[in-house]
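Here are a few notes to go with your first look at this one. Have the picture open while you read them.

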Amino acid sequence: KSIGNYAFLQSQFSSITFPDGLESIGDYAFRDSQFSSITFPSQLKSIGNYAFMDSQFSSITFPDGLESIGPGAFLSSPLVSLTLPDSITSLGPYAFGDGNYNPPGSAHTLKTLHIGGGLTDFAFHQSGTIPTSPFWTYSAIEKVTFGEGVESIGYGAFYNAPIVSLSLPSTLVTINQQAFGESNIKTLVVP
C-alpha cells in the first residue's frame, strides 16, 4: 500500500490515521499539513521527498522498519528531539533542516539527536563548499549520539552546530574534514 505523490498537498488535516500495511508515502504527499504529531504504521518503509515539508511536528516517532527518508521530507518542522532508528539506511539532504529555506518566524529548535547505526556512512553531498546535511542550519543542536554501526561521518556534517555533548560509536572509522568544525563540544565520548 502506498500514498502517491501530491496526494494531500496543502490539505488542512489536524490528524490522520494511517492504515496497517502502508509501506510508502510519496513525494509532497502531505506538504503544508497542520499536523502537530503523527504515528506511522509499523510496516512503513519509505517517506518521499518533501512529503511533510512545512508541517508543524514537534515530535515524530518512526517505526523500527523504516528504511528511507527523502530529501526535505520534514524540512522546516519545529522538532525538539529526534531519534532515527537503526533500520534507516538512506537519509536525504535537508531531511530535517531549514537549508536555504527559512520562512519568517522559523525557529531552530532541534536540541537532541540520535542517529541509528543503519546509516553506516553518514556523509552528505556537497554544494560548492557548503555540505548538504540533513540537519543543516539546525543551530540549536546540543546533544548528538551515534548508534553502533556508523563508520564514517562526512565533510561538514555538523559544521557550526553548537553541539555541547557528542557520543561516537566504537564502529566509527573516519571523521571527515570539518565534520564538527566550529562547534562548542564540551563532552566527547569516544569508545
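1. A quick definition before we start: buried means under 20% relative accessible area, exposed means over 50%, and partly exposed is what lies in between. Also keep in mind that this is a predicted model.

2. With that cut-off, take Asp 32. Its relative accessible area is 19%, so Asp 32 counts as buried. You'll find Asp 32 in the loop between S2 and S3. Its phi is positive, about 65 degrees, although Asp 32 is not a glycine.

3. Tyr 28 has a relative accessible area of 23%, so it falls in the partly exposed class.

4. Now the sheet. In what order do the five strands run? The open sheet reads S1-S2-S3-S4-S6, with parallel pairing. At the edges sit strand S1 (2-3) and strand S6 (90-91), each of which pairs on one side only.

5. S1 and strand S2 (residues 24-25) run parallel and are joined by two bridges. Which residue of S2 stands opposite Ile 3? That's Ile 25.

How values were computed:
Residues numbered from 1 in each chain as written. Predicted model: local features only at pLDDT ≥ 70, side-chain atom pairs only at ≥ 80, totals over all residues. Heavy atoms only, no water. Pairing = 2+ DSSP bridges. Helix = DSSP H or I, 4+ residues; strand = E, 2+ residues; numbered from the N terminus. Buried < 20%, exposed > 50% of the residue type's maximum accessible area, 1.4 Å probe, protein only.
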